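User: Can you walk me through this one? I'd like to start with the charged pairs.

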Amino acid sequence: MGSICRQEPSRAADEIAPTALQRTGWYTINIWDLHVHAIVEPRARRDAAYSLLKLHEQGINFVVYIERLIHEHAVRATRQVPVGDLRAYGPSEEAVATQMASFEAVADTLARPSWLRWFAQAVAGVGVHEREFEQWASEGCSGFKVAIPGDMTEWPVSYHLCRNALNVAARRDLPVTIHVEVSRAPWIRDLLDEFTQSRVSIAHFGYSRKRLADILLRYENVYTDTANLEGPAKSDVKGYTEFITEFSSQVVLGSDAFLGNLSASNRHIDFFSETLDEKTWRAISVENTNRFLGNSGIL
């Protein structure tokens, strides 16, 4: 595809305002937003690329989660679990193809920059084996994400899916994000006990700061992200600031924005950069994010 500069973006794409980083001079530090979803209407892909470029010019790099195709043999393999058709828990073939095509189009428009990475995302219940994770790693992903639907948290299949991802990630030296409610996952400590050298992030503060705090204290290799927590944090600034400060070496920045709505990333970064002290902000947005990404995050 041609250069993005050869075509004017829409007015909607041009509404990405300078972040607090640019206004205060922080934009030179190359932070990472580690939690963006590859959801964007096909007609808005060029606008998404333009918005990404504008935000990157302000010092922001991105990791995008892409749901991947679940092979039919993997779906069949899970049907020994008595729950009917487990494909309902996974992305449709059309949705998967659209997400990957959207990311590829956006990345091609930007000439596939090193500051735009992707994680392959799998959903519990669709029986993804190590071979699928190996395939996605071979395609160039920078890590994996495993999403555990709430009503499947206690199922053994959820534990095994996370274990499959972590086995491949350990061999490939890749990070893994796990979306799980830790209070409903009795297997989470067994999993973390086995992978003490792996880089693991439990998204959204594991839905409970209190429950997650015990895990972060026990496992130095475990991180957590700020995804979709801007709203709750505004309602309890003191509580969230104290938690992030206490675990400032294990919290990473992530907005939960969509490629089709990157203004959410803008607002998320503004809030946390203005709320946290300079040392803590740099830790969660630069130091921890680069350490979590490992070699895949070095510019």
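**Salt bridges and a helix**

Analyst: R112 is partly exposed, at 44% relative accessible area. Buried means under 20%, exposed over 50%, partly exposed in between (1.4 Å probe, protein chains only). This is a predicted model: local features need pLDDT of at least 70, side-chain atom pairs count only at pLDDT 80 or more, and totals for chains, interfaces and linings use all residues. Residues are numbered from 1 along each chain as its sequence is written, and side-chain values use heavy atoms, with hydrogens and water left out.

User: Which residue does R112 meet in a salt bridge?

Analyst: E104, at 2.0 Å, N to O. A salt bridge here is a side-chain nitrogen of Lys or Arg within 4 Å of a carboxyl oxygen of Asp or Glu. E104 is partly exposed, at 27% relative accessibility.

User: How many salt bridges does the structure hold?

Analyst: There are 16. One of them pairs E134 with R172, with the closest N and O atoms 2.9 Å apart. E134 lies in helix α5 and R172 in helix α6, so the pair ties together parts 38 residues apart in sequence. Helices (H or I, at least four residues) and strands (E, at least two) are DSSP runs, numbered from the N terminus.

User: OK, α6. How many residues does it have, and how far does it reach?

Analyst: Helix α6 covers residues 156–172, which is 17 residues. From first C-alpha to last it reaches 24 Å, close to the 24 Å expected at 1.5 Å a residue. The expected span is 1.5 Å times one less than the number of residues.

User: What covers its buried residues?

Analyst: The cover includes β3 (116–123), α5 (130–138), β4 (143–147), β5 (176–179), α7 (188–194) and β6 (200–202). Contact means heavy atoms within 4.5 Å. Among the buried residues of α6 are V157, Y159, L161 and L166.

User: And just after α6? What does D173 do?

Analyst: D173 takes a positive phi of about 55°. The D173 side chain also meets R199 in a salt bridge (2.8 Å, N to O). R199 lies in the loop between α7 and β6 and D173 in the loop between α6 and β5, so the pair ties together parts 26 residues apart in sequence. R199 is buried, at 14%, whereas D173 is partly exposed, at 41%.

User: Switching topic. Where does K145 lie, and is it buried or exposed?

Analyst: K145 lies in strand β4. K145 is buried yet has no salt bridge. The nearest side chain of opposite charge, D256, is 5.5 Å away. Lys and Arg count as positive, Asp and Glu as negative; His and the chain ends are not counted.
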